[in-house]
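Dear colleague,

Here is the structure I promised to pass on. My notes on two parts of it follow below.

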Amino acid sequence: MGLTKYSTEHYWQLREKIRERLFSHLNPAQLEAVKTGKGPVLCLAGAGSGKTMAMVYRILHLYLFGAEYQRQVKPPFDLTDDDIELMEAWLQDAKEGRITGLPQRMVALFCRNGVEPRRILAITFTNKAAQEMKNRLEQLLGETMHGMWVMTFHAACLRILRREIAVLDYGKDFSIYDAADQLQVVRNIVKEMDLDEKKYSPRMFLSIISRFKCELKNTEKAAREAQGDYIMEKAATIYAEYCRRLKQNNAMDFDDLLMKTVLLFQNNPDILAKYQERFQYILVDEYQDTNHVQYILVKLLAARHQNLCVVGDDDQSIYAFRQADIRNILDFERDYPQTKVIKLEQNYRSTGCILAAANEVISCNKARKAKALWTEKGQGELLTIYEANDEHDEARFVCERINALLDNGENYRDCAVLMRTNAQSRVLEEWFMKRGLPYVIVGGHKFYERMEIKDIMAYLRVLANPQESVGLRRIINVPRRGIGEATLQRVEEYGEAKGMVLFEALWQYEEIGLSTRASKGIIGFLELMEGFREAVGKMTVTGLTEKILSETGYVESLRSEKGADSQSRLENLQEFLSVTKEYDEQAEEPTLQEFLGRTSLVTELDGYEDEANAVVMMTMHMAKGLEFPNVFIVGMEEGVFPHARSLLEEKELEEERRLCYVALTRAKERVFLVHARQRNLYGRMNHSGPSRFLEEIPEDLWKEYMVKDDFFKTTMSTSGRMGVNGGNSMLFSVGDKVEHKKWGQGVVVSAKGEGTDVELTIAFPSQGIKKLLTKYAPLKKI
DNA sequence: ATCGAGCCAATTTTT
DNA sequence: TTGGCTCGAT
């Protein structure tokens, strides 16, 4: 061991060469973002400018080479000739274009002069982004960076809160309420206050409450500021009651996770200091989307070391309605005077025409940081604008152009249809089905929002946290066990009077004096729950879930229901069980609590990519961060896009314009913009002119598409063919031979229903006749 | 307790 | 036009 042939100087030279080589494919701006490890960095990353790559490489650089690269006096003590040879060989390979990952040994040597992973915190908004970052780092390193936190704001806060639960006035098994749970609580309050639900919608109050929390307003402050404004006074009252109930339920909503973490830090300087010391290097993705709490949270954590790198694009801020505050990014330099501003303006995604159009549109906004994307790509094709007769003609046009693209060698999955609102998808879907074009809708209703999933989750939640009444209320009579609304009201009233939560009050069923039937139901329920309670901790989450599903009779009651609906619910439950199984197997120390925490912070978006080859339809909001060779933007009319609700306020209009910018910059090769002369909205025919955004695109960047074919060819024909999209995006017609995952081969006997909910009747020779929803069933055409 | 008719409102939604 | 929700009849 020890060095023989080589000088220490040689080691440092090699290391430097390797470092240069590793980052050699980055452009100068990206490189600067990567190498500026110390101090505040504002990285303005335009659309398609290689932002994720810059972040990933920045972390890699910190890990391997530290924040301030410098030659050390001594090489690692255990450096050997073999190591030197390894480094030389790697360099040789790299020169010949064979960079794959880094050899373990090299990583091990280098990282001794780097930043410890546990000092790094990388925050994203979505699980998907966090996962992607982790994956790419893993790919480069061939190992995971243990101790580093790469996660969403909410996940990070949840972890901190659970760790610091001791100083929090909360039980350690607190539940996390999602939007539906929140709404339920507000609705109950509004009802009890005898407010007219029509005039004072719970939704509105909920959004005001969310704003209070995001602005870190406590109930007193909210009440003080509300004085004189009737609605706000009511809102403040509801806010106070809402907080009280969540507290009583030992529950937090999404906003609480952030707000309580900030409060925790503000009230406990020692705890804050601990995390400041731990996270010496902080990265924040999509900084333009941060709201006030998130802003403060980051500010607190970064205050000590100021090694804060935020990445974002003010032009892509499209979540103001979720309290995202664009000032956070616009004023970053003011907040951190030492800031180094780095602009990533080279775009690697779109053609010149697309980029020019996007630049022109966004330049109409006033509140923005000046920047101009450029590309080395050629001009590419002109954008296409089509004036459709109506929404059907619009959909027809999209189908037709996609078919043309297909003849051109493009794939379905290379095409995306972007719209302003979800409702616009209906007509498009109809036409896609008729034309036999496979498509997927991204977004829409989510797995964890399905009734059966919410039910089983509610059981699990209540078992983890019996104080939790919203979940309890949900499942107490599911499946039916004769505990009706009237009974519940009485139990609740009793509980309220005695200061008990619902679950405690239930135990007092004798005191309350209920009907025999109700009592029997409650006893049955309590006995069941007792059985489950004993199983918590002794069984795996999967085991517990199965126990609940069978002993409550949930599965049985679904089975006895006929129809495709209950069938798909059973399948969803099966899917849920595979989620629990995966968790049980993969988690280091599986617990019910952790499982719940994890799943409540998960959404669907995390992986539509695996889907089959199909056209992707989604809202423009959902498209952020994605890219497609061909992008269709439909509904380019005043009132639709920009949306009618945004026309009054300049601010909102600018947000719509940013949305347009986001939509345009999704495209790599081609953009098709469609507006309709008339459109059926809410059952009424509407005539609106072309979107102002169309007028903002210079004429030399687009061409108008003219109809060549006969109008009658474009009207919908009612053929017997009934197509459907599916998880697999397949189309089925009567007579098709199909293969089902479980039941094997069969023949489609009939198809009925509309939209995505087409129910197929399929004859399986071995299993008999089954009714299935294509949407959910694991079916394949053969 | 449960189901169906009728009424009303109607963006976007990373967690 | 749709879907979500309330209220009234079984």
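In helix H25, Leu528, Gly531, Phe532 and Ala535 meet Leu544, Lys547, Ile548 and Glu551 of helix H26, where contact means heavy atoms within 4.5 Å. By class, this contact holds five nonpolar, one polar and two charged residues; Ala, Val, Leu, Ile, Met, Phe, Trp, Tyr, Cys and Pro count as nonpolar, Asp, Glu, Lys and Arg as charged, and the others, Gly among them, as polar.

This is a predicted model: local features need pLDDT of at least 70 and side-chain atom pairs count only at pLDDT 80 or more, while totals for chains, interfaces and linings use all residues. Residues are numbered from 1 along each chain as its sequence is written, chains are lettered from A and ligands numbered from 1 in the order in which they are written, and side-chain values use heavy atoms, with hydrogens and water left out.

H25 covers residues 516-535 and H26 residues 541-551; they pack at about 165°, with axes 10 Å apart. Axes are lines fitted to C-alpha atoms over the stretch in contact, and angles run from 0 to 180 degrees between N-to-C directions. The two helices are therefore roughly antiparallel (an angle over 145 degrees).

The other part is strand E12, residues 615-619: five of its five residues are buried, so the strand is largely enclosed by the rest of the structure. Buried means under 20% relative accessible area (1.4 Å probe, protein chains only). Val615, Met617 and Thr619 lie on one side, Val616 and Met618 on the other.

E12 runs parallel to strand E10 (residues 415-419), joined by four bridges, and Met419 stands opposite Thr619.

Regards

Note on methods
Parallel < 35°, antiparallel > 145°, perpendicular 65-115°, else oblique. Buried < 20%, exposed > 50% of the residue type's maximum accessible area, 1.4 Å probe, protein only. Pairing = 2+ DSSP bridges.
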